[in-house]
Amino acid sequence: MQTNNVLNRKHPTYNEGMWGVFMFTVLQVHPYQKPPLLKRLFYRRPDPVVTRVPLRGGAFFYKADFFADKHGKTDLSVLPNSVGGCAQRLLWAGAEMQIQPPLQKFVPTLYSEILFLNTALHFLRAQPDPPHARILGFADSEARLQERIIPFVRLAKTVKIYTAFPNQYDALSKDILAEWGLSVIVSSRKEVLQDCNVVLAPSFENRLGTRGVLCCGREPICYAGEQFSLPQEEEARRPENTDAVLFAAALYELCNVKGLENLRYARLKQIKGETIY
């Protein structure tokens, strides 16, 4: 892997105007390693190391290695000088630690939902029950998933959507009715989902620690995605102990690596005691 040591260089806060993408930093804090007895007198904690990892299309991300002292403390104050605005988009390699502004943790805005919906679409296409017997519900409280719902249209006789912003679905509902003759019912009341025999909640944080829940039946059996793998090229660049889903989300949302939008979990696992409404 080609990397470049960039500690002690000051970098601008990259933005869409300059690069067309945002970058991010994978941060790893190494625990204190007690030196051998004869070396303790001259022991010096290793300096932080920041490297730049290249990606396809000219984008890159930073890998920052810091080292804790014998009290378990780490000074991250030099990080913004080395990676610029990427200090506000941090992923962790290994255990997380508390951080203070201007450092901020990266939180995906959409990729986790895309990953779940891809998995749910694959699951529903494989089911034996015919689409004309299916009432399909979506919980999309922030009305962010309009275009992502279109592939599901042919898998149901009726689509019902719960959202706090029903008017955001007006145009899509009319287009679906005109194109496929399918009724789309949109409501700001969660009760609209109660007579659906399949409900998808892409933004719901489930018990497996991922996003997205699929519930089937009137006394619902719920499922969540698990076992995710990156393509070989991206996996080769993922720092060890970095969450694969978060890393994929950062590549997709921040570095414009668009080859990841069709990935899915390996399977859906049944989860007990889950409720989404």
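The model is predicted: local features need pLDDT of at least 70, side-chain atom pairs count only at pLDDT 80 or more, and totals for chains, interfaces and linings use all residues. Residues are numbered from 1 along each chain as its sequence is written, and side-chain values use heavy atoms, with hydrogens and water left out.

I begin with the fold. The protein has seven helices and 12 strands, taken as DSSP runs numbered from the N terminus, with helices being H or I of at least four residues and strands being E of at least two. Of contacts between residues at least 6 apart in sequence, 65% connect residues at least 24 apart; a contact requires heavy atoms within 4.5 Å.

Of the 277 residues, 45% are buried, that is, under 20% relative accessible area, with exposed meaning over 50% and partly exposed in between (1.4 Å probe, protein chains only).

Finally, the cysteines. How many disulfides does the rule give? The count is one, a disulfide being a pair of cysteine sulfur atoms within 2.5 Å. The bond links C215 and C222, with an S to S distance of 2.4 Å. This link is right-handed, at 100° about the S-S bond. Both C215 and C222 are buried.

C255, by contrast, is in no disulfide; the nearest cysteine sulfur, that of C86, lies 8.0 Å away. C255 counts as buried because its relative accessibility is 3%.
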